[in-house]
Amino acid sequence: MRLIDLNVIYVLVMREFKKFVRARSRLVSSVARPLIWLFFIGGGMSRIVTPAEGVTYTQYIFPGILGMTILFSSIFSSISIIWDKEFGFMREILVAPVSRVSIVLGKAMSGTAVSTLQAIIILSLFPFLGIKLALANFIGVIIICMLVSFCVSSFGIVLATFYDSYESFTVIMNFIIMPMFFLSGALYPVKHLPAALRFASKLNPLTYGVDALKHLINPMVKGPMSPDFTLALDLAVIAVLTLAFVVIASLVFERKK
């Protein structure tokens, strides 16, 4: 049995992607949420927050809105694991002679594909917000969205492996998602949070993803509204956490064999 089976990964990715494409209402709702935050919250707060360092508040939170798009889509893509458990598909996968790493990678990549597609749709709005992105930065943002999506999808898989009920999983998801978003630096700089919240933010995987996006979307911003960490640190933390989540999920699936 190979550690990584590309056929298994391909089947799982295509299965989830086809389900997403056929559910048009899911695409509309997933895009509507960040648009509401971007134009309603951002537009309203822009009347209160004075533009600083060459960016408006709407431009400042744009990387955070991309992070929110990735967060919601990646986490909720792991709900498919709960459905697969209830309808027996997951049992069939676990008894098949395939590596658990391939199952985790397939599920994570399917979440990554869906999340990145939604993030690109939101990213395409940058000219209407007065943001200027060079081609290299635009491509870099897409790559980071893919990395963050894979990391968060892997985290969602780890959580989903411990639940067998759709109801219980959605409750814990709502309990986790909003704190992750608010503590990610999406709406305000992490460096200005109280010490306890700043510490919690540093434990949040999304914090480093949003910070990395800030480096590429608003590279000229300095001072209080600048990124909280270096880009190298952001990428290193995302890579380490992704590896940890994949290993943990694979081990849990192995125990459920």
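Q: Leaving aside its neighbours within four places in sequence, which residues is I177 in contact with?
A: I177 is in contact with L71, F72, I75 and F76, where contact means heavy atoms within 4.5 Å. The model is predicted: local features need pLDDT of at least 70, side-chain atom pairs count only at pLDDT 80 or more, and totals for chains, interfaces and linings use all residues. Residues are numbered from 1 along each chain as its sequence is written, and side-chain values use heavy atoms, with hydrogens and water left out.

Q: How far apart are I177 and I75 in sequence and in space?
A: They are separated by 102 residues in sequence and by 8.0 Å in space, C-alpha to C-alpha. I177 itself lies in helix α8, residues 166-182; a helix here is a DSSP run of H or I with at least four residues, numbered from the N terminus.

Q: Why is I177 called buried?
A: Its relative accessible area is 2%, and buried means under 20%, exposed over 50% and partly exposed in between (1.4 Å probe, protein chains only). I177 is therefore buried.

Q: Why does K191 count as partly exposed?
A: K191 has 32% relative accessibility, and therefore belongs to the partly exposed class.

Q: What makes the pair D228 and K191 a salt bridge?
A: A salt bridge requires a side-chain nitrogen of Lys or Arg within 4 Å of a carboxyl oxygen of Asp or Glu. The N to O distance between D228 and K191 is 3.2 Å, and the pair is a salt bridge. The partners are 37 residues apart, with D228 in the loop between α10 (205-217) and α11 (231-255) and K191 in the loop between α8 and α9 (195-202). By this rule the count is one salt bridge.

Q: How many disulfides does a search of the whole structure find?
A: The search finds zero disulfides, a disulfide being a pair of cysteine sulfur atoms within 2.5 Å. C145 is buried, with a relative accessible area of 2%, and C151 is buried, also at 2%.

Q: How many cavities of 30 Å³ or more does a search of the whole structure find?
A: One is found, a cavity being a set of points on a 1 Å grid where a 1.4 Å probe fits but cannot get out. The largest cavity has a volume of about 40 Å³, taken as the space filled by probe spheres set on the points. Its lining residues (an atom within 4 Å of a point) include S74, K107 and I157. Two or more lining residues come from each of α3 (57-77), α4 (79-87), α6 (100-123) and α7 (135-160).

Technical notes:
On a 1 Å grid over the protein atoms alone, a cavity is a set of points where a 1.4 Å probe fits but cannot get out, and a pocket is an open set with protein on both sides within 12 Å along at least five of seven lines; lining residues have an atom within 4 Å of a point.
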